[in-house]
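Colleague: I've just opened this one and could use a guided tour. Could you show me how to read a few of its features?

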Amino acid sequence: MKEALTPQVKVSVVMCTYNGEKYLREQIESILNQTYPVYELIIQDDRSTDRTVEIVCEYQQKDSRVKLFVNEQSLGFNYNFSTAFTRATGEYIASTDQDDIWRTDKIEVLMKHVEGYSLLFHNSQLFTTDITHSLGMKNASNVLYNPLFLLMKPYVPGHECFFSRTILPRFMEAVEKEHRISYDSLLMLAAVTCGPIGFINEALVYWRRHPQATSYLSGSRYSLLKGLVSAVQTLSNKDKRKMTQRYFTALSDYPFTDYAAAKIIRCMKKGNLWGILQSCMLCCHNRKQLYPYHNPLQSCIKSFFTPLYFIRDCSQFIIC
């Protein structure tokens, strides 16, 4: 067995739980047995009605690094994670779900690359019940992480995020405004405005996808034409346009230094058709940051329609 490293920097792991007894033990074990030992495992439970809290208490008695907090009232997964991060005392923080499985060297790999970054995220291997039967990798190998791309495509899940605690004040500023944006999207965008973002193309987590989440795997796959039509049609959806406006309003105080990203935030915050059209033109002009295809026509078209794609899919990261 590989000898564990002696940690030079404190790493906190934050897990939020709710009725997770079925898979919880396996996940806790994978975290506590990291080759780079974690400093603390903070578990904040959102009023579970199964044996989740009992299981965590068992680990707490065996390992002083396990720290359990139970909410006085149910917060919901989004605000549960947002508040749990503030309990972390380590210099770096890793977010985790209750039902995945970490690769034993996850923290070791991340610590080798984290210097100079405000946040790193990594790839994940998808599975349902058995990690030996992979459903493939979540991210393409050419994933982008420039500010404009992450602004318009904030799809990085929390369990892939490893970040410096220095971004928390900016993150919590947006959380406290209660715009109801998914915590992982806000976390990523807070990090973008605090320093460089990095991507590690290694599957450091086995990401469990439940049968009810199979839409993530099979999803609606639009042809280019169908995608464009569906994007245009979504302009008539006033609820989604309001949700989109709420997202960009939440980010309006973030100090984006990227000119295109800052300008698009101002335009999309207006919530009107002219603001959306201006954003489309800005995305087209900055297409290399969004779709750096060899085919310039395809790159122009997809980039131009990116704000409309955003409105169409906004319910994935904006809470109703």
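Modeller: Let's start with helix H10 (residues 238-250) and helix H11 (residues 259-269): they pack at about 135°, with axes 8 Å apart. That makes H10 oblique to H11. This is a predicted model, where local features need pLDDT of at least 70 and side-chain atom pairs count only at pLDDT 80 or more, while totals for chains, interfaces and linings use all residues. Residues are numbered from 1 along each chain as its sequence is written, and side-chain values use heavy atoms, leaving out hydrogens and water.

Colleague: How do I read the word "oblique"?

Modeller: Angles under 35 degrees count as roughly parallel, over 145 as roughly antiparallel, 65 to 115 as roughly perpendicular, and the rest as oblique. The crossing of H10 and H11 is left-handed, that is, the near helix is turned anticlockwise from the far one by less than a right angle.

Colleague: Which residues of H10 and H11 make the contact?

Modeller: Contact means heavy atoms within 4.5 Å. H10 brings Thr 244, Gln 245, Phe 248 and Thr 249, and H11 brings Ile 264, Ile 265, Met 268 and Lys 269.

Colleague: How do H11 and H12 cross?

Modeller: At roughly 160°, with the axes of H11 and H12 coming within 7 Å. So H11 is roughly antiparallel to H12. That crossing is left-handed. On the H11 side you'll find Lys 263, Ile 264, Cys 267 and Met 268, which meet Gly 275, Ile 276, Gln 278, Ser 279, Leu 282 and Cys 283 in H12.

Colleague: What span should H12 have?

Modeller: The expected span is 1.5 Å times one less than the number of residues. For the 13 residues of helix H12 (residues 273-285) that gives 18 Å, and the end C-alpha atoms are 18 Å apart, which agrees.

Colleague: Which residues are buried in H12?

Modeller: Buried means under 20% relative accessible area, exposed means over 50%, and partly exposed lies in between (1.4 Å probe, protein chains only). Among the buried residues of H12 are Ile 276, Cys 280 and Leu 282. The buried residues of H12 pack against H10, H11, helix H13 (296-304) and helix H14 (306-313).

Colleague: What about phi?

Modeller: Most residues other than glycine have a negative phi. Asn 19 has a positive phi of about 45°, and it sits in the loop between strand E1 (11-17) and helix H1 (24-32). Arg 47 has a positive phi too, near 65°, in the loop between strand E2 (40-45) and helix H2 (52-62).

Methods:
Axes fitted to C-alpha atoms, helices over the stretch in contact; angles between N-to-C directions. Helix = DSSP H or I, 4+ residues; strand = E, 2+ residues; numbered from the N terminus.
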